[in-house]
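Good morning, and thank you for coming.

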Amino acid sequence: MIVSMRFALFLFAISSALAQDAGATRADWPHYGGTQFSWRYSSLDQINTTNVKALTPVWMFQTGDYAENLQATPIVVDGVMYVITARARVFALDAATGRVIWHYQYPEPPRSVPGFVGNRGVAVGDGKVFFGTKDDYMVALDQKSGRLLWRVNIDDARQCGCNITAAPLVVKDKVLVGGTGGDGAHRGYITAFNTRNGRLAWRWYVIPGPGEKGNETWKGDSWKFGGGAPWLTGSFDPALNLVYWGTGNAASDFYDAERVVAGADKSKDVNLYTASVVALDADTGKLRWHFQEVPDDLWDYDSAYEVLLIDREIRGRLRQTLVHMNKSGLTSVLDRLTGEFLGTFSVPEVRTWISGVTEDGKLVGRNEPQLGKTITVCPSAAGAKSWNSMAYSPRTGFLYVPVNEICNDITPNNRAPEEGRGYMNGDFPMKLAPGRTTYSHVDAWDPVTGKRAWSMPYKYLLLASMLATAGDLVFSGNPEGEFFALDAKSGDKVWSYQTGAGNRGSAVSYAVNGRQYVGTPTGWHVSVVGALAQSLFPDQDWRLGSTLVVFALPESSR
Amino acid sequence: MKKSALTAFMLAISCSAQNLTEVLEQGEQVFAKSCATGYCHGVKGGPGGAPRLVGRHFDQAFINGVVTRGVPDTGMPSFATKLSRPDLVAVVAYVATLNGVTNPNIGAAGAAATTSFRPRLTGEGARGARLFSEAVRGFGRCSTCHEVGDLGTSVAAPIAKVPASATELKSLGTPDVKTAMMDGESMPVLVLSEGKQSIVFYDLTAAPPVQRNAEPGSVKFTDGSNWRHSSVIKSYDDSELAAILTYLRAVVKP
């Protein structure tokens, strides 16, 4: 009995150790979210709370592409950093010095191709570097030389009004990517290509077609233009062979009469599988389960954000969970094997779109836009958090989340859809949440208790990703150009450095020859949420740029 | 001034005023649909994800240039081929009024309101145009390999001759398609170039075609292939193919 008990404890220790390891990066930063578990957590602790004050820049890299900012999460493999600029110029750099190893420039698409200029990163695998483009191609370069190997058209950008800004995700022998377009008359999807030859492996449409389960949640032909674009990067659990992805909002965004089935019971799922987290079979792209966070979304609340795969003990049982935030700031904790709902919590301090959530995750007191009226809704369509990612530290058990307090005045309209054109059907000017002096905060949330452990307020907005490390530090940056480190346990600011341009990117940590580095892309951006944010603070002049800034401890102090 | 001339003058004024009002209304609608969308310009030119357009002291020529040519390296595309000429003139005139231009030049926009940039298609031709690039067919649509007008991907050479019937369309022989041997695998390909640095071809094994860039010597081509046009247009029935041919006859210039 004692032996078996010990054995059980031993097994528990192993499984929790595995769980602690699975999401942590080591010397490399191999995927967009760090690992395929998307924690944005580095197990490196050479830089820690006691020595972080000595952290200093060791190299910088100016990309020379100043069309937009540098948003890409750098990928680091075996001492080489791969980074892509807004206009798809790809660099392989010596990660210890910034020296250029190779450089590839994707041909500029014709001016008639619509879409925003921006790229959130490459993926590296199978000896190749993959990226998506503004003219909606998936491209593969040789990892060693930067030579073009293959490229394949994902969709006709001029027709669908969609393109690729997200980093792809390499899953075994395939490369997966989601696209934009969900605020237009478009039907979103995730596409998987074989890494070896670029051939189509599978495509999963967010909105089921006629005859498929879920199509009955759409009125008439509205499924053809119902949005749902999964415009960011998912996660992968190799043990379960499941890919997890968040899907976008339903379209039209602010007006639902043309897409929900007349007389539909609001308590039932509607407009599947928009504003949901889905689990897909990695080999076939078949849907295993879904969890819809915002049924019949009416606020442009995408669920497209990152999916964190975290093993935690919940109510006395070790669970394989998934943590996912909707744009509203409502954050779900699910069993990632079955999709079972385990809990939820809401991060913004100002919330008017619902009055609450039931114990089983149902929305209560929906404050819905109505034709002919204007209502104020908080948080705004820019999100309680934007696309920039949160981080998770298994040492503290906290999620680190940048939260913004903005509202918008929504006036819906009922224009008819036109394929590939904007289909938001509403005006939604943004404004700062009333009665406050600070409009954002970095929070530490415990996903198990749903409680906030600490919060560090900031007067403007926070739109850069979080990076957590085993040195109990949390790194991020702000629009004024300050790149900073917080104590992961207390939220106290323990270090900062003025990088010279606004921070809207995603920092990473890695090691080369035993030296730990922290690198961050910099440069404010001039379109979409960056411009919206700027318009809320007209006296501010957040600086543009496109520079990587990389920090380490001085050689002498290591 | 003689009375009749005055009447004619008044009539002309009221006509053009009427016309201007209509054009500006049209421009406002185009703006709402094409410019104040998504996270682009704000409603009525207010601030949004893209710059504010109201009260910027832009003159009409400047606005026309930006709308027509786009702004390099930004999200602002060229609308020259996206909007019909009357829509473009109308939206430029509308944005001009947001900048204090009280009587913007609308040229012949009113008179030209019925002429469209694209050929006007009706009936079978319109149905064919829709089918040619129908999104629900995924990669099984014509536009996966053919670019016609401003839609589609130009994998195949531009269509020069439109087949007479669906039967002819299905039996199309394509001598350009060869068989490549690469990494011990054989595949139907369309060769684009055979340079000293790289050999570029489309792998037609499955839709969508994949552009491959191979190192010289790593791939061998032989004439002929097992690729058939009939196998890639299977998503269409004969009636749909006939409609597509009607469309192509209307737009393909021999």
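Predicted model: local features only at pLDDT ≥ 70, side-chain atom pairs only at ≥ 80, totals over all residues.

In the contact between the two chains, 38 residues of chain B are in contact with 40 residues of chain A. Here two residues are in contact if their C-beta atoms, placed from the backbone, lie within 7 Å. On the side of chain B that touches chain A, the elements that give two or more residues are α1 (3-34) and β4 (210-214) of chain B. Of these, β4(B) gives the most, with 4 residues.

Residues are numbered from 1 along each chain as its sequence is written, and chains are lettered from A and ligands numbered from 1 in the order in which they are written. The helices (H or I, at least four residues) and strands (E, at least two) are DSSP runs, numbered from the N terminus.

Let us turn to a helix of chain B. Helix α3(B), residues 85-98, has 14 residues and reaches 20 Å from its first C-alpha to its last, close to the 20 Å expected at 1.5 Å a residue. The expected span is 1.5 Å times one less than the number of residues. Is α3(B) mostly covered or mostly uncovered? It is mostly covered, with 12 of its 14 residues buried. A residue is buried if 20 or more other C-beta atoms lie within 10 Å of its own, exposed if 12 or fewer, and partly exposed in between, with C-beta atoms placed from the backbone. Among the buried residues of α3(B) are B:P86, B:D87, B:Y94 and B:L98. After α3(B) comes B:G100, whose phi is positive, near 85°.

Which helix packs against α3(B)? The partner is helix α2(B), residues 60-69, at an angle of about 135° and with the axes 9 Å apart. Axes are lines fitted to C-alpha atoms, for helices over the stretch in contact, and angles run from 0 to 180 degrees between N-to-C directions. That angle makes α2(B) oblique to α3(B), because angles under 35 degrees count as roughly parallel, over 145 as roughly antiparallel, 65 to 115 as roughly perpendicular and the rest as oblique. The contact is made by B:Q60, B:I63, B:N64 and B:V67 of α2(B), together with B:L88, B:V91, B:V92, B:V95 and B:A96 of α3(B).

Now to the strands of chain A. Two strands pair if DSSP finds at least two bridges between them. An open sheet of 4 strands in chain A has the order β4-β5-β6-β7, with antiparallel pairing. Its edge strands are β4 (75-77) and β7 (100-105) of chain A, each of which pairs on one side only. From one strand to the next, the twist averages 15°. Strand β5(A), residues 80-84, is joined to β4(A) by 3 bridges, and the two run antiparallel. Within this pair, A:Y82 in β5(A) is the bridge partner of A:I75.

In the loop between β6 (89-94) and β7 of chain A lies A:R99. Why does A:R99 count as exposed? The reason is that A:R99 has 11 C-beta neighbours inside 10 Å. Its C-alpha atom is separated by 8.5 Å from that of A:F61, 38 residues apart along the chain.

Next comes strand β29(A), residues 406-412, where 5 of the 7 residues are buried. This strand pairs in the antiparallel sense with β26(A), residues 375-377, over 3 bridges, and there A:V377 stands opposite A:N408. Another 3 bridges join β29(A) to β31(A), residues 430-432, also antiparallel, with A:C407 opposite A:K431. Strand β30(A), residues 426-427, pairs with β29(A) over 2 bridges, and A:P412 stands opposite A:G426.

Finally, consider strand β35(A), residues 473-477, in which 5 of 5 residues are buried. A:L473, A:F475 and A:G477 point one way, and A:V474 and A:S476 the other. Strand β34(A), residues 467-469, is joined to β35(A) by 3 bridges and runs antiparallel to it. Their hairpin has 3 residues between the strands, and A:D472 takes a positive phi near 55°. With β36(A), residues 482-487, β35(A) pairs over 5 bridges in the antiparallel sense. In this second hairpin, 4 residues lie between the strands, and A:G481 in the turn has a positive phi of about 105°.
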